[in-house]
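Please keep the sequence and the structure at hand while reading.

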Amino acid sequence: MKTKVLLITLLFSVTLFAQTKVADKFFNNFAYVRASELYQNAVNNGDYSEHVLTRLGDCYYNNSNSMKAAIWYKKALDKYPNINAEYLYKYIQAQRSLGNYQEADTWLQKFKERQNDDSRHSFAIGNINLYEELSSTENVYIEITNLDINSKYSDFGSLEHDGKLFFASARNTNAVGRKKLYDWNKEPFLDIYQANVKDNNGVKEFSNPITLPADKVNTNYHEASVAITNDGKTIYFTRDNVNKRNRLSSDKQGTTHLKIYKASLVSGNWSNIEELPFNDDVFSTGHPALSIDNKVLFFVSDRDGGFGQTDIYKVTINDDGSYGEPENLGSRVNTEGREMFPFIAKNNMLYFSSDGYLNLGLLDIYRSDILNSTNAHVENMGAPFNSGADDFAFFIDSETQRGYFSSNREGGKGNDDIYSFAAFDCKQTVSGVARDSKTQQPLDAVTIQVINETGKVIEEVETASNGAYTYDVDCNKSYTIRGSKPDYKDDVKQMTTTSENNFEHHVDLSLVPLIDMDQIVINPIFFDFDKWNIRSDAKYELENIVSVMREHPTMVIKIESHTDSRGADKYNMKLSDRRAKSTRDYLRSRNIAPERIESAIGYGESQLLNECGNRVKCSKEKHQKNRRSYFYIVRSN
């Protein structure tokens, strides 16, 4: 009795394993609905393995069904406390998708405990969903280029004006005798440089940078962050507090602060340097930026009365060249942290950097329409402009959506580097026609699924009456295109998009019909030698029979199984009959009603398709032709 129970238990375990193998095959081919059904069957039969539970979660997750994904991931997490931490994160993702931020935060802490070296646990509690938005570049194509003119030192603060790029650099070229190093980073002090800019069919080309042609603009200490009037005749720049003897001046605590100066262009050189009247020796004033009409100067200062460590201010430039009283931009922009590097674009949008708002790390670049609307909110620019490093000094031509920013992110040439960017939506069109592989006739109502590199269905469309379909995808990505239609086998194609915007791809699909006259036709189902149990690969094929019969609920079939001539005639008859009935039993296990299978009969070698009878030498291929199963349609509406 014990032996019998053991055999039954072992057989049951083997059956569950085989069913899971079939589900895995569908899963690996992105057929998540069918895979989830089979995994669910496995659960119903008692398989609560980590593999099945997490795969069920993955099936729903990849089809964007967060509700069901969360259910199955939670079952797996509860049953297997030491489960791969990646499933904790997927569960967090699913809960955020559902708006269950408290539940996500609870599991985020557990994820942190499990994965202390994983950067994903550093998100601010309650703001994980915002972080995802900031870090995502989906549906936006932004080309980032590290400029060739960057050096191994700090280069930052770009402003393009009249065919020239102005920026600050610590490269210390053309500065004979200047040996001083800045103690902060042991680099030379910053100077202002310029390079000619040429647009070569959309590609920016730069001349070798030179120091600003000027009379004493650059000193032995820091100069950086410029603003230039529309007529190109006046430049504002930041400089260390330097006295008339070209030495640093400091406050009572020994701190040297920043000041803003201006110079005029005379005969090609910047001269007539003046210090602005709202500077002071006891606080810093720097990072000048001009309004569109050049009547307002924006700047940064740590003077008393601000909201935080440094704030953005504005001051009116009067017609006579005098200045009004500096005015703080207020709490709509400034925080308790650092607001720096303001810039006003042609559309009057304010861009600046800050560490006082939700960010990806350190300084991030933000924008605000505060100059057009007093109720405007500050918006983080997100990736790829922002990273986990300092990202600042943003410049954009709002008409062309091209510009520059600075960052000390990994992969640069120096401490800070200048990056150019060209921002645009990069989309490509994919179109094609789905046809019947046998008749070549176009097929309507074919479901076309577009699956991304992670296995997630991102688009689903149907073919028109002429079999045509079309959809848009992002550039520089790989996709799987799956075509599905009742009574047909799925057709799956792979494609990769290019980096060229608006490029068009043509991908035709050819679906093999499952019904041919009075038969349901599938690929041959194979049995192990001298066996009649249904193998995993056979179950995969038999699922096509299941699909057809579910699509046609009144259909009744009969099953025939045939062998080749090798082996005794009587034995082959019994073997084929057992195989036919095993096939029938599998269909019944998939909830096909018994009365819908009229018969399941084996005919052994009695109906050979060729000359390969007893004692006739034939090739393996010819014998294989005789090993077959038929699924005849007896009746159907």
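Is S599 buried or exposed? S599 counts as buried because its relative accessibility is 19%, where buried means under 20% relative accessible area, exposed over 50%, and partly exposed in between (1.4 Å probe, protein chains only).

## Basis of the report

The model is predicted: local features need pLDDT of at least 70, side-chain atom pairs count only at pLDDT 80 or more, and totals for chains, interfaces and linings use all residues. Residues are numbered from 1 along each chain as its sequence is written, and side-chain values use heavy atoms, with hydrogens and water left out.

S599 is placed in strand β35, which covers residues 597–602; helices (H or I, at least four residues) and strands (E, at least two) are DSSP runs numbered from the N terminus. Apart from its neighbours within four places in sequence, S599 is in contact with I557, K558 and I559, contact meaning heavy atoms within 4.5 Å.

H161 belongs to strand β2. With a relative accessibility of 19%, H161 also counts as buried. When neighbours within four places in sequence are set aside, the contacts of H161 are F166, I228, T229, N230 and G232. One of these, N230, is 69 residues from H161 along the chain, and the C-alpha atoms of the two are separated by 8.4 Å.

## Backbone features

Most residues other than glycine have a negative phi, and most peptide bonds are trans. Two residues and one peptide bond are described here against that background.

D162 is not a glycine, yet has a positive phi of about 55°. D162 is found in the loop between β2 (155–161) and β3 (164–169), and counts as exposed because its relative accessibility is 68%. Q401, likewise not a glycine, has a positive phi of about 60°. The loop between β21 and β22 (402–407) holds Q401, which at 34% relative accessibility counts as partly exposed.

The peptide bond between A383 and P384 is cis, with omega about 5°. P384 is located in the loop between β20 (379–380) and β21 (391–397).

## Salt bridges

Side chains of opposite charge can pair when their charged atoms come close. A salt bridge is a side-chain nitrogen of Lys or Arg within 4 Å of a carboxyl oxygen of Asp or Glu, and by this rule the count comes to 29 salt bridges. Among them is the pair of D78 and K74, whose closest N and O atoms are 3.0 Å apart. Both residues lie in helix α4 (residues 66–79), 4 residues apart, which is about one turn of the helix. K74 is partly exposed, at 26% relative accessibility.

R367 pairs with E379, the closest N and O atoms being 3.1 Å apart. This pair links distant parts of the chain, with R367 in strand β19 (residues 364–368) and E379 in strand β20, 12 residues apart. R367 has 28% relative accessibility and counts as partly exposed, and E379 is partly exposed with a relative accessible area of 39%. K438 and D516 also meet through their side chains in a salt bridge (2.8 Å, N to O). K438 is exposed, with a relative accessible area of 55%, whereas D516 is partly exposed, at 32%. Elsewhere, salt bridges that share partners join E37, E543, R550 and R590 into one network.

## A negative surface patch

Which residues gather in a patch of negative charge on the surface? They are E459, E460, E462 and D472. Patches are made of residues with over 30% relative accessible area and no salt bridge, like charges being joined within 9 Å and nonpolar side chains (Val, Leu, Ile, Met, Phe, Trp, Tyr) within 5 Å.

Strand β26 (residues 457–462) gives the most to the negative patch, with 3 residues. D472 lies in strand β27 (residues 468–474) and is partly exposed, with a relative accessible area of 44%.

Key
Areas by Shrake-Rupley, 256 points an atom, 1.4 Å probe, with all protein chains shown as cover. Lys, Arg positive; Asp, Glu negative; His and termini not counted. Charge placed at Lys NZ, Arg CZ, Asp CG, Glu CD.
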